[in-house]
Amino acid sequence: MADADNIVVATAEKIFADLADPQTINHDNDGRWKAPLWQALSEAGLPLAWVAEEFGGAGADLADGFAVINAAGRFALSVPLAETLLAGWLLQQASIASPEGAMTVAPASPKDRITLNADGTLSGRARGIPFAGSAKHIAVVAHGADSVAIALVETARLRIDAGLSLANDPSDTITFDKVAPSACEPAPAGFDATTSMLMGGVVRSLQIAGALDQLLEISVRYAGERVAFEKPIGKFQAVQHNLARLAGESAAATAAATSAADAIAHADAFDDAIFLEAASAKIRCAEAAEKAAAIAHQVHGAIGFTTEHILHRFSLRALAWRDDFGSDSHWAVALGRRIAARGADELWPLVASR
Amino acid sequence: MADADNIVVATAEKIFADLADPQTINHDNDGRWKAPLWQALSEAGLPLAWVAEEFGGAGADLADGFAVINAAGRFALSVPLAETLLAGWLLQQASIASPEGAMTVAPASPKDRITLNADGTLSGRARGIPFAGSAKHIAVVAHGADSVAIALVETARLRIDAGLSLANDPSDTITFDKVAPSACEPAPAGFDATTSMLMGGVVRSLQIAGALDQLLEISVRYAGERVAFEKPIGKFQAVQHNLARLAGESAAATAAATSAADAIAHADAFDDAIFLEAASAKIRCAEAAEKAAAIAHQVHGAIGFTTEHILHRFSLRALAWRDDFGSDSHWAVALGRRIAARGADELWPLVASR
Amino acid sequence: MTALRFDPIRLPRECEELRKEVRAFLAEEIAAGTFSPFKPLREDADAREFSRRVGARGWIGMTWPKQYGGHERSFLERYVVTEEMRVANAPVRRFFVADRQSGPVLLRYAPEHIKMDILPRICRGELCFAIGMSEPNSGSDLFAAKTRATKTDGGWLINGSKIWTTSAHMADYMIAIFRTSASTKENRRHGLTQFLVNMKTPGIRVNPIGQITGQKEFNEVVFTDAFVPDDHQLGEIDGAWKQATSELAYERSGPERFLETYYVLTELVRAVGPDPDTRSAEGIGRLVAQLHAMRRMSVSVAGMLQAGKEPVVEASIVKDVGTVWEQQLPHRVRDLAAFVEEDAGNRETLENQLTFAIRTAPKLTIQGGTTEVLRGIIARGLGLR
Amino acid sequence: MTALRFDPIRLPRECEELRKEVRAFLAEEIAAGTFSPFKPLREDADAREFSRRVGARGWIGMTWPKQYGGHERSFLERYVVTEEMRVANAPVRRFFVADRQSGPVLLRYAPEHIKMDILPRICRGELCFAIGMSEPNSGSDLFAAKTRATKTDGGWLINGSKIWTTSAHMADYMIAIFRTSASTKENRRHGLTQFLVNMKTPGIRVNPIGQITGQKEFNEVVFTDAFVPDDHQLGEIDGAWKQATSELAYERSGPERFLETYYVLTELVRAVGPDPDTRSAEGIGRLVAQLHAMRRMSVSVAGMLQAGKEPVVEASIVKDVGTVWEQQLPHRVRDLAAFVEEDAGNRETLENQLTFAIRTAPKLTIQGGTTEVLRGIIARGLGLR
């Protein structure tokens, strides 16, 4: 998906390369790199790329935003860029203007549900919210008695119990105790928590695919440099075949994630075909993450297990991202039920619909 | 389990080597090898090894019979030796004398149930009965209103719909339509259809383990002989590692199957520890069969896919035997339920009970 | 290392129109009894006539120039036809090899008068081709081939044998490599030449080889002074090695490389019914997601072919991932089918399909480039070799 | 090819008595707060005292001669102690290396006065050992080690560094291989000698290496003219290669080689409750069957050790199968835990354990002999190398 001709993506990649180099970040224990990076991203209009200009954003195509997210995965970026993009998109659905600064979204798990009370306040708890503690605002999908709303909430109004993901990124539990949102509008027809979850799943899939792309590149490079038994380990057939398998997993993740992104970018609605694309992307990317991370670590040996090496930035994030916006098991069950309900003879037509 | 010091096993192996050589059998399309083989086995007292002398058998130890069955697996034997041993054991449980000639058992699937009617006749259907068409008698576990019985039935009294297993061995559907058994006695206390299924599962596990042992040996030999890219393929690291994995699967199958056999041979009752042993054997051997067969075929290339080569005798039987007396999925669910019912803190004590 | 590319391809509208036509055609053929989508162990009876009807529709040689009977349509259109045929379990074996491999070789290397003679007949579905690569002592290692082509007056005399040649027993022609010189120290791949062989040539004997599936698609082909005329030489003398690699690319990423056991998945979905338990739902969901991802990779490769690229590594990856998947699929479906109700309407169909698919599975990672060879190609593409 | 043997072993009655004692001891320790079976990320606070109490029970050096403080008990008894400690998540790290690897090496190669000095202290749980094998530029390839031991008056001067040395930061001694000569053309493994090193020796610096689990078990150990006396040489000069292989066998098949992530399985069973759905039941059933089969293989190897055999290939197989299994276990448990009820009492425990286990997983097939090295050993045992 690395499209050198695309100015938005090229801008993002330049910023990542300049200000979010994994090697540099890995040795910066104080997080001093975060502020300048975020500032550069903001100045380039990237966090709100998916927000229309009249609502405070850059009005970029969905495709461009997806490509930026994929690139962010290739840098194992650990600032809430993807989350802010997603929040902006969500607010845009209900024509709510996006504020400045970092945002995140809730819920981030299909198990959680935020309730829109009759008095306009929000109640409920959501676990595993990425970067809640460092975001100023949160975009919320809330369910009323028989309506769905999208709301903008200041995180200062929430109770936030800090947590960490597998990759040590913020993954917080947030509690809404009759919280008054800054804005709250009905979601468009057909939009519900699943829509938001599918979109979030595709975002995470693109990040995983990007991380896997790098796992492959880092591992191939290391195999060419590291000598054991008097030759580069990449000359051993067993290592070659493992790296070929890693390439297969990376390729499958990229194909699944970019296909889903492309499908959403060109779709009119979140229909069964989009459900297949988005659910498959999350399932396949999660499966690929497990296999790819295992191979990349195996190739690296003990060095890859150290905090000093950058490998873990990619491997652990790829694994951690599996859990957000519905795990692979969640989507597999949901997809399997949908396939079964459609019936055997409708399976192939659905698969072959694009 | 090949115990050269054991006279029973040594006798069996000699007979197999003389009269059931896989290479010879593979070119005998008429099955002319079967009669002399069966005669030699009968003369050695092997089919009824598990039947006490006063009931017409050889009165061998359970351990000896299990070792013979494992050896039969190493020859991919396709006569009902294991089935006759099992039938004899079953009849022995109810002190029913075993007749001469080949026998088999029913049911061979936990899904099937044979009913003992109030008038002493049997009703019901059982699928996948190995060698029903070529056996003279069948040992049956039948369920009355609230009792379990073991019966001896002439196969001539049954309806037999011939079928073939994955390995093209007879796997028939038999129907009992108010059939009068030749003998019928109450099963001992605690004995039910599951007991018989566990015993059958261990028998099949031993056969699978034997077949996998041979898959390994045949594949290692072939890899040492077959030249490609100017050296024996066994010199390629990728092939070596595949064969190492095959060795691991073969080893796991052997360990699981022989452990279960040993446990049964020394047990007083079919308790939870035996259930763990027997179910695990069937599950692990089935999983090993899939992986081992795939590797053995991969190493052999196209030649292993031909009817002329003996590989399929072992690979397809190992795969086919997975299905008899409860599939791996069946036993996994049953074992998982039992583990869950006992509770988390009772898991390790059970695993470590021998 | 070169980055792998799998750009998302949206099939153009004409593909969807075409897909409808193909489905309608296949539905008619099924209704007429030509074949059954549920019976993999189908005999060859009606395949010959089916082949001609497919040709009449313009679905063989779809991407070839019109002057040779082709239709100058896109790789993506061809892709759609191929996948619909495969999923329906249509009897494509009489024309598929010619369409996928032999035709493109002839287009590139055959003299004009041979192209004018043979290609239109392939497009009409009249000719069945076989490929003569492997020999009894050379499997994955094509360049160890020993079957000789000795120069004689006006042509070559062939002696030796080929093995594992699918469809040789019914083929009209074979495209094969024969040894015309010894290999050299510098280049062990030197010395093989590609030829077109008319299977009716005296001196050719075809011996079928029984397969563990019960089928007899494989053959040994024995050549005893079989004469091949000069103009049947394809490409450079002693230089087949330059041609073989790119030609094998055609074999590597089509939908046929992951759909060979697909039928068991359809029947599993049917057997579990509309309201599966969590176990069945998850199993089906994962398998469908894997299938979908592979198909999207494969479509992407077709898109690259259409764009004139040579995605050798990407195509090898699709085949590696795809064949391993289709090999395991029957076993995973077997697991999931363990608790299918006894009274499921298609239980017997599913069981028979599983038996056949499990017997078929071993060959899937061997035929047309083994897993080992493919991973070697990928490793080379990654810069490791 | 030599047939693989995995004879079924029945643990003798004394093992079961012992097992009860160990369980009672561990229950007391847990009750006293020494450690928690549920918290893998346990700090080292009480490990030192725990070590002495285990020693006092006679559970360190169990198989060693009594004259050196050992207990002359069987390998099977030792097996039982090891597995109970491991399953309870007991803090064995201070004595386990000495018990498993270093003690046996000293028994075999150390001079009598050293044995009399050190072995009893190991048995009392007073000494912690580290192993100095890997170096920054030699990982799996031990024989590429470059750290030099240069002969000096009355001993050797060590210069260079070792890496990935578990527990070096708290170890009293290290057993390490150092280069005493260059390797030869005929034997690239020649030239390394094994030494016992007192970690209090001046000239030794230990630098902890952060791990992705958050722990710091690994260290780099830098030697600068560190003096090792002559009587600390273990075995033949330049001949460590003859010793290293058999010693590594101790590392290869104990219960620690498949139980490292076991704790997630217990908690999964707890989380799903007494009446799981088909999916959870099957998942648990398969994992337990795999665990059981591995344990029976592993017990079988212990039985062979007890019988005085050297089951190198069998032990390597157990470790290969075992470490791959324990590496995948957390991921399989994660799958199965996906639908655990929000209100399951141990949900948080399970989630924390999964996080830790998934972070731990990568090292399991690397430490103490990688999968690649193990498969090479197995292939050699099969006669392929």
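**Salt bridges and the A–C interface in a predicted model**

In chain A of this predicted model, residues 192–320 are 78% helix and 3% strand, and the end C-alpha atoms of the span lie 25 Å apart. Helices (H or I, at least four residues) and strands (E, at least two) are DSSP runs, numbered from the N terminus. UniProt, in an unreviewed entry, lists this span as "domain: Acyl-CoA dehydrogenase/oxidase C-terminal". UniProt positions follow the numbering used here, feature names are shortened, and annotations may be inferred rather than shown by experiment.

Residues are numbered from 1 along each chain as its sequence is written, and chains are lettered from A and ligands numbered from 1 in the order in which they are written. Because the model is predicted, local features need pLDDT of at least 70 and side-chain atom pairs count only at pLDDT 80 or more, while totals for chains, interfaces and linings use all residues; side-chain values use heavy atoms, with hydrogens and water left out.

Start where chain A meets chain C. Here 47 residues of chain A are in contact with 48 residues of chain C. Contact means heavy atoms within 4.5 Å. The area buried between the two chains is about 4,300 Å², with carbon and sulfur atoms giving 66%. Buried area is the accessible area (1.4 Å probe) that two parts lose on being put together, summed over both. A:Ala344, A:Trp348 and A:Arg354 supply 16% of what chain A buries against chain C, more than any other three residues.

Polar links cross this interface too. The rule finds 17 residue pairs in polar contact, both at pLDDT 80 or more. A polar contact is a pair of N or O atoms within 3.5 Å; within protein, one must be able to donate a hydrogen and the other to accept it, and residues adjacent in sequence count only if both atoms are side-chain atoms. Which helix of chain A gives the largest share of the side that touches chain C? It is H7(A), with 14 residues.

There are four salt bridges across the interface of chain A and chain C. A salt bridge is a side-chain nitrogen of Lys or Arg within 4 Å of a carboxyl oxygen of Asp or Glu. One joins A:Glu287 to C:Arg286, with the closest N and O atoms 2.8 Å apart. Both residues belong to a network of salt bridges that also includes D:Arg279 and D:Arg332.

Now look inside chain A. A:Glu249 is found in helix H7. This residue is buried, with a relative accessible area of 9%. Buried means under 20% relative accessible area, exposed over 50%, partly exposed in between (1.4 Å probe, protein chains only). The A:Glu249 side chain makes a polar contact with the side chain of A:Arg284 (3.0 Å). Beyond its neighbours within four places in sequence, A:Glu249 also touches A:Glu287.

The whole structure holds 110 salt bridges over all chains. One pairs A:Glu83 with A:Arg204 at 2.7 Å between the closest N and O atoms. This pair links helix H5 (residues 81–93) to helix H6 of chain A, 121 residues apart. Both A:Glu83 and A:Arg204 are buried.

B:Lys14 and B:Asp18 meet in a salt bridge (2.5 Å, N to O). They lie four residues apart in helix H1 (residues 7–19) of chain B, about one turn of the helix. B:Lys14 counts as exposed at 52% relative accessibility, and B:Asp18 is partly exposed at 49%.
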